[in-house]
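My notes follow the order in which I checked them.

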Amino acid sequence: MKNNPIYVALDFPSWNETEQFLMEHDLRGVPVKVGMELFYREGPRVIEKLKVHDHPIFLDLKLHDIPTTVMRAMRNLANLGVDIVNVHALGGSGMIQAAKEGLNSSDHPTKLIAVTILTSLEQETLNNELFIPGSVQDNAVHFAGFAKDNGADGVVCSVHEATAIKEACGSDFLTVTPGIRLDNSEHHDQKRVATPKFAKENGSDIVVIGRSITKAENPRKAYDTALKECSN
Ligand code: C5P
């Protein structure tokens, strides 16, 4: 995790489109993130198919339920042998502990990451719609602290909160940052965005990039550009 790896978000409707994308753009074997869209369509077999080509895998299902349900679900996910899974920190300390317990049922070292505040949310939505007071950053740091205290290995956060989270939780606590845009590319539904270079300079351990790569004219070139920015 030291080289700021980039996980490409495979937000495709099915395995056919996913496989075509990976093959056509010479992205076989790169770290990938499988989210709800693809997993709900293809199920666990999509993980098996990716593992054939040795892709490091972040399974981004953002579990959020009562602790027993999450523990049992995590037991099943643990058997898939992926590298990273996640839960919403908003599920609370008991749920995070239960997630960790479920993962510990397998020998595979799967990292547990807690989502702090979605990068699609802004301060106004947090305060006025969800009635969560305080700044996005203070909330993200708070969620990170209790996620760490309850067994999480790191958090998903915006790049803008990564430094403060590292200061509060220590340099070994992983920061996974979506909301990344290559210079000049569209923001889409993301609000708190940054470039890969900014991510590297601001405490991000793992960068997640979707549409800036998958919708690029030349996805392989976009991936290489982002990787270079993260490694300089
Ligand atoms: O296309 P884009 O780069 O915005 O994709 C970001 C990916 O990261 C999406 O798959 C999204 O579900 C995921 N994600 C996120 N914010 C979080 C957690 C995951 O954008 N807090």
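I began with helix α7 (residues 136-149) and helix α8 (residues 159-169), which pack at an angle of about 40° with their axes 9 Å apart; that makes α7 oblique to α8. I note that this is a predicted model, in which local features need pLDDT of at least 70 and side-chain atom pairs count only at pLDDT 80 or more, while totals for chains, interfaces and linings use all residues. Residues are numbered from 1 along each chain as its sequence is written, and side-chain values use heavy atoms, with hydrogens and water left out.

For contacts (heavy atoms within 4.5 Å), I found that Val136, Gln137, Ala140, Val141, Ala144, Gly145 and Lys148 in α7 meet His160, Glu161, Ala164, Ile165, Ala168 and Cys169 in α8. By class, this contact of α7 with α8 has eight nonpolar, three polar and two charged residues, where Ala, Val, Leu, Ile, Met, Phe, Trp, Tyr, Cys and Pro count as nonpolar, Asp, Glu, Lys and Arg as charged, and the others, Gly among them, as polar.

I then turned to helix α4 (residues 67-78) and helix α5 (residues 93-103), whose axes come within 7 Å and cross at roughly 30°. The two helices α4 and α5 are therefore roughly parallel to each other (angles under 35 degrees count as roughly parallel, over 145 as roughly antiparallel, 65 to 115 as roughly perpendicular and the rest as oblique). I listed Pro67, Val70, Met71, Met74, Arg75 and Ala78 in α4 as meeting Gly94, Met95, Ala98, Ala99, Glu101, Gly102 and Leu103 in α5. The contact of α4 with α5 comprises nine nonpolar, two polar and two charged residues.

Last, I looked up which elements supply the lining of the largest pocket: β2 (32-35), α2 (36-42), β3 (57-63), β8 (206-209) and α10 (211-214) each supply at least two residues, and β3 gives the most, with three residues. Helices (H or I, at least four residues) and strands (E, at least two) are DSSP runs, numbered from the N terminus. By class, I recorded 13 nonpolar, eight polar and nine charged residues in the lining of the largest pocket.

Note on methods:
Axes fitted to C-alpha atoms, helices over the stretch in contact; angles between N-to-C directions.
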